[in-house]
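Please look over the sequence and the model before reading on.

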Amino acid sequence: MTPPPAPLPETLLRRLVRDPSRAERITHVEHVPARAGRPADWPAWVPQLLVDRLQHLGVAAPWEHQAVAADLARGGSSVVVATGTASGKSLAYLLPVLASQLEDERARALYLSPTKALAADQLRSVRGMNLAAVRAATYDGDTAREEREWVRRHGTFVLTNPDMLHRGVLPRHADWASFLRGLRFVVIDECHSYRGVFGSHVAQVLRRLRRVCARYGSSPVFILASATVSAPEESAGRLTGLDVVPVTDDASPRGSTEFALWEPPLMPDYGGEHGAPVRRSATAETGDLLADLVVEGARTIAFVRSRRSAEAVALNARRAILDAAPELGSRVAAYRGGYLPEERRELEQRLQSGDLLGVAATNALELGVDVAGLDAVVLTGWPGTVASVWQQAGRAGRAGQGALAVFVARDDPLDTYLVHHPEALFGRPVETTVLDPANPYVLGPHLCMAAAELALTEDDLPLFGDVEAVRLLLGDLVRRGLLRSRPKGWFWTSRERPEVDIRGAGGPPVRLVESGTGRLLGTVDASSSHGQAHTGAVYLHQGETYVVESLDLEEAVALVRPDDPDYSTSARDITDIRIVDTQSSASYDGVTLSLGTVDVTNQVVSFLRKRVGTGEILGEEPLDLPARELRTKSVWYTVSEPVLRQAGLAWSDVPGAAHAAEHAAIGLLPLFATCDRWDIGGVSTALHEDTGECTVFVYDGHPGGAGFSERGYARGAAWLRATREAIASCECTSGCPSCVQSPKCGNGNEPLDKDGAVRLLDAVLAAGLDTDRAGGLAGTATG
């Protein structure tokens, strides 16, 4: 059944704000115009059988970008297709992959996706073409053992994920010899999701794959599919280690979109820390918006950050709908982890048919389910990148029809900045995906994995990065007894395979075990365990809520119990930082911006309990956890005493001003580096012993760094300018969670001086840092 058309997006938006108090919540509406499609002819090399099957499925002809990318891959060039949601990127890689297998029974292809759901969708699409020569199969943790042997021996199009490639394929490459020998194409779907430490690990896994393929005589072409990102060829090149040709001119049709920025109101009856004002929660606002849109007949997805929030939004929306239109209550659902594949497909089918009008889902749905053509999308808070914003907003828009997207701000500096500075979303290119494959904490373990797979030789070193840096790292691994150096290369010394967790760094992951049953629920990366798995922490897993009963650091085990508290938790920490070396710096008139290596000593000291829905602080509990030491990368700026005086800051004002500026800078860096605020940390001091001046540090929270600080250094002017604007434009008088308060501050958000932070940042920018309006750096640079 085809659902009836929803009201036009302009009409939907007017109806959402019929109450004048709600109209005040909209800070900006951006009109994104419609775009006509540009079809192309089928490439001459595509077999007629494949054309016939695609046309039978409704693909009359490829769009121009699909044909261009397919031609490049067919010609032997690795290519990245970086176009919008629902632009048909899959056809760009399916054409060369399937054509090769129809022409040559020895041809093989490997498909990598970040989620099992996405791989399952692609498997259904390929099998739906009924091509006898193409034997498509998934190979992941859910694949039965008896099926795995068949896939290795007979599969021609194998769909898996980086984790399985790392653990299940490369260490057993001899079992895959026939497949690897015939490997023509490697498809990397949603490649923009591989960023930070995880992306750096995946980059090394792909280098190991290329190395093993070369030993079997193959050199596959890489085809990458990405959301719209800046310089996709650069991030794709860092990911694969290859020269990659970008295809970015999206030729698919698109309906118009009305994109509204929405700021929840302040709640005068509630107070946050130190009596700071708090806003109505973004999830509560989203529940109301989802209910209103469903009542208006608009098929809507509301994206939220956690599974618990998805359940809460769906429940609140159903309750609101039952008051206005009881017959629609059953047409709203939450999309949560733990669904069986058939249940998930039923949900998609109900969405596509119009039977299900509203879904509240975690951000993972952006990658995991093939649903497009909806009437409206609600984004609950910043999803991590501008690319993700457009990825999610792109779910709305039936063929040729308009759509509505609403971004609802959380009580957070970045969200607050965005709703008051729409040009940050609509007036600038999307960011570059940040990853650092040369991070020695990432590269070293993969050199061990590579040596265990096949002895490393001198000829292999350029594959893994700068030859001298790789050779030095190999020497360190030999000294530590992990590798053995011989005239013919470097060899793994143990009979046991090396263990490398590509989802984290800094030690073995902490296992989360249900205390009553002994069931392993999952793991938390060692570097995050103190903040996420401490005693008393609320932990979400596959839609269920647990409370941590105890954390045993020696055994790397956290025992948890099922629970349903009405609060969330956030850890607070204290940090000390020392400069190891300065990699690069730019000096101005009394201000210096630097990038380098630092030693961070961090200790989680307590955690806050916050009421779900309002953010009201219910209490703070002390913790007794050891300090952790971390060598990582940091960006920092120093401010001389004369500049502080010119800013009108007395010496007693400096600690609060620097502290507030630090908190806001941490909150805003994710706008310029593809990270979450929990991936980074900060320290500020009126007089740092290594610099002798007022200093504000923001550092990567992963051993060796993850590339975030480098991005902050490169975009220093734009980043600090945005930080200043976020603080100055906040409605509060002396600081709140929307501007300078941090949920993880171990000093209890004391001292904080909002006005002082604005004066400090004005002085920093006026000293010369703000002279490059392009957003980079000016001044005298070293390093």
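## Cavities

A cavity is a set of grid points, on a 1 Å grid over the protein atoms alone, where a 1.4 Å probe fits but cannot get out. In this predicted model, a search of the whole structure finds four cavities of 30 Å³ or more. The largest cavity holds about 50 Å³ of space.

The lining of the largest cavity is formed by Cys-191, His-192, Tyr-194, Ser-226, Ser-235, Ala-236, Leu-239, Thr-433 and Leu-435. Helix α11, which covers residues 232-240, gives the most to this lining, with three residues.

## Confidence of the model

The average pLDDT of the chain is 87, and 91% of the residues score at least 70. Over residues 772-783, however, the pLDDT is below 50.

Strand β27 spans residues 628-639, and nine of its twelve residues are buried, so the strand is largely enclosed by the rest of the structure.

Strand β27 pairs with strand β25 (residues 591-611) in the antiparallel sense, over twelve bridges. Within this part of the structure, Val-600 has Leu-630 of β27 as its bridge partner. Strand β27 also pairs with strand β29 (residues 694-700), again in the antiparallel sense, over six bridges. Here the bridge partner of Trp-636 is Phe-697 in β29.

## Lysine 633

Lys-633 is located in strand β27. Is Lys-633 buried or exposed? The relative accessible area of Lys-633 is 18%; residues under 20% count as buried, and therefore Lys-633 is classed as buried.

Leaving aside neighbours within four places in sequence, Lys-633 is in contact with Gln-583, Gly-596, Thr-597, Val-598, Tyr-699, Asp-700, Gly-704, Gly-705, Ser-709 and Glu-710. With one of these residues, Thr-597, the side chain of Lys-633 makes a polar contact of 3.2 Å. Val-406, by contrast, lies 227 residues from Lys-633 along the chain, and the C-alpha atoms of these two residues are separated by 36 Å.

Conventions: Residues are numbered from 1 along each chain as its sequence is written. This is a predicted model: local features need pLDDT of at least 70, side-chain atom pairs count only at pLDDT 80 or more; totals for chains, interfaces and linings use all residues. Side-chain values use heavy atoms; hydrogens and water are left out. Buried means under 20% relative accessible area, exposed over 50%, partly exposed in between (1.4 Å probe, protein chains only). Helices (H or I, at least four residues) and strands (E, at least two) are DSSP runs, numbered from the N terminus. Two strands pair if DSSP finds at least two bridges between them. Contact means heavy atoms within 4.5 Å. A polar contact is a pair of N or O atoms within 3.5 Å; within protein, one must be able to donate a hydrogen and the other to accept it, and residues adjacent in sequence count only if both atoms are side-chain atoms. pLDDT is the predictor's confidence in each residue, from 0 to 100. On a 1 Å grid over the protein atoms alone, a cavity is a set of points where a 1.4 Å probe fits but cannot get out, and a pocket is an open set with protein on both sides within 12 Å along at least five of seven lines; lining residues have an atom within 4 Å of a point. Grid points are joined across faces, edges and corners, and a volume is the space filled by probe spheres set on the points.
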